[in-house]
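Please work through the exercises below with the sequence and the coordinates at hand, and try each task before reading its solution.

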Amino acid sequence: MSDSSKNNFKKNDIEWKKIFEQYQILERISKLGYFEIDAITINQFRESRLMAKLDHQVNLPQIFQQNSLSILPISRSRYVIGYFDAYHQVQYNSAIQPIPVPFPSYIETLDPETLSSESLAINCAFHAGMIADILDAETDKVFHTVSGRMSTGSFNFSINSLLSNSPYLLEVNNSQCEIDAGFETEEYFLIVEAKMDGVEDFLIRQLYYPYRLWSSKVHKKVLVALITYSNSTSQFSFFLYDFDNLSDYNSIRLIQQKNYIIGSEEITRDDISEVFNSIEVVCEPDITLPQADDFNRIVDLLTWLYERELTKDEITMKYQFAGRQTNYYTDAGRYLGLVDKIKTSGSKEITFCLTEEGRTLMSKKHKSKILSLIKMILKYPVFYKTFEMTLQTGEIPQKSQVSEIMSSFKYSDKVKDRRSQTVISWMKWIWSMCSD
């Protein structure tokens, strides 16, 4: 395999494949249904903390995905690999309208328009009264009590198998779990797991292990919640869950979903039309139009890079997708002139940072930031013409129409086929920013 081909695999893929081959893990799982492995063994290949941090199904190494396998910690130093049904799918209900909530004007140390971490998003949600609302409690009767890493204690549980109707029976002995935040009222204790962008699924363990721990320590009802925050829309989505059976990992049940948005200036169609009328079209940049359909992820990337430079691997770990897609989205940032790609002399590692223009844009308030991003998109000919057609017809052009526009700017058939969907997706994102 060439060096360039190797670079297309995540480090976890490579090292887990070595471990599976050396310890004949697939053969042992086929006989017993599971395989136990200790952290010392994993550390010989790569740090176990990184090798076992697989928060979403897409993060699973190839050898796990190909064989319907997952990994769970069962103590501080041991893991078990099996055909576990370990993840829960997240369904966003687009019919649920966000509830506008105020943010205390006297708070100066937390800016709800520049949230770049899970902890900041949780703090913002708490101070804006979202936690109180989801628990149906008065704001001054909700208390932020615990967070961080802690021992799970010992407990047994069942988890469904992906290959049979017989569940696994597992025992956990003082494994480690981490709580992003815990909130307590007179009636409830709420455990929160936060994500800084939309997710397709999550690892149930992140809520189940803390749930088992605190269910044995408090007398009141324990609930769990997933909170996701969108940097594009400034929307918080709350998914409130319970477990119907304390000993059943897969008995997680959605109680309700609620969306919130902190009051900010609305963006209207007139605002966007004004931006469009002010645009001077420029030539395409040297970077080819990228295949990056989800513009919200581009905004997430810009937000992370506003805090600090990131390597490709760090970006891949933050995103919920495969490594090659990191290239697509960093290229999208570079295409817009907002991201720089740095390769340090003497090192093979690639780092990404914001350009000066990118830093200026990301320092703006929400409305100004979004309108500036729209302007960055529409200054390029294909997007300008597509948006112009949208204004003329009242609807976003079909893929075939976008391909025709791209043909007029000498795009090849191969590029047109893949990138026309990106153009349409970015158009949809622009209009999704409108309140009217």
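The exercises that follow concern a predicted model, and each is given with a worked solution.

**Exercise 1. Helix α15**

Task: Check whether the end-to-end distance of helix α15 agrees with its number of residues, and then describe how α15 is covered and what its buried residues pack against.

Solution: Begin with the length, for which helix α15 comprises the 13 residues 366-378. The expected span is 1.5 Å times one less than the number of residues, and therefore α15 should span 18 Å; the C-alpha atoms at its ends are 19 Å apart, which agrees.

Next, turn to burial, where a residue counts as buried under 20% relative accessible area. Eleven of the 13 residues of α15 are buried, so that the helix is mostly covered. Among them are His366, Lys367 and Lys369, as well as Ile370, Leu371, Leu373 and Ile374.

Finally, look for the packing partners: the buried residues of α15 pack against α10 (269-277), α11 (295-307) and α14 (356-362), and also against α16 (381-393) and α18 (413-432).

**Exercise 2. The surroundings of Ile262**

Task: Is Ile262 buried or exposed, and which residues is Ile262 in contact with, leaving aside its neighbours within four places in sequence?

Solution: Locate the residue first: Ile262 belongs to strand β14 (residues 252-262). Its relative accessibility is 7%, and because of this value Ile262 counts as buried.

With neighbours within four places in sequence left aside, Ile262 is in contact with Val101, Phe103, Pro112, Cys124, Ala128, Met130, Ser234 and Phe236. As a distance check, the C-alpha atoms of Ile262 and Gln235 are separated by 7.6 Å, although these residues lie 27 residues apart along the chain.

**Exercise 3. Enclosed space**

Task: State how many cavities of 30 Å³ or more are counted, and name the residues that line the largest cavity.

Solution: The count comes to one cavity of 30 Å³ or more. The largest cavity holds about 40 Å³ of space, and its lining consists of Lys10, Asn12, Lys53, Leu54, Asn59, Thr316 and Met317.

Definitions and conventions:
Residues are numbered from 1 along each chain as its sequence is written. This is a predicted model: local features need pLDDT of at least 70, side-chain atom pairs count only at pLDDT 80 or more; totals for chains, interfaces and linings use all residues. Side-chain values use heavy atoms; hydrogens and water are left out. Helices (H or I, at least four residues) and strands (E, at least two) are DSSP runs, numbered from the N terminus. Buried means under 20% relative accessible area, exposed over 50%, partly exposed in between (1.4 Å probe, protein chains only). Contact means heavy atoms within 4.5 Å. On a 1 Å grid over the protein atoms alone, a cavity is a set of points where a 1.4 Å probe fits but cannot get out, and a pocket is an open set with protein on both sides within 12 Å along at least five of seven lines; lining residues have an atom within 4 Å of a point. Grid points are joined across faces, edges and corners, and a volume is the space filled by probe spheres set on the points.
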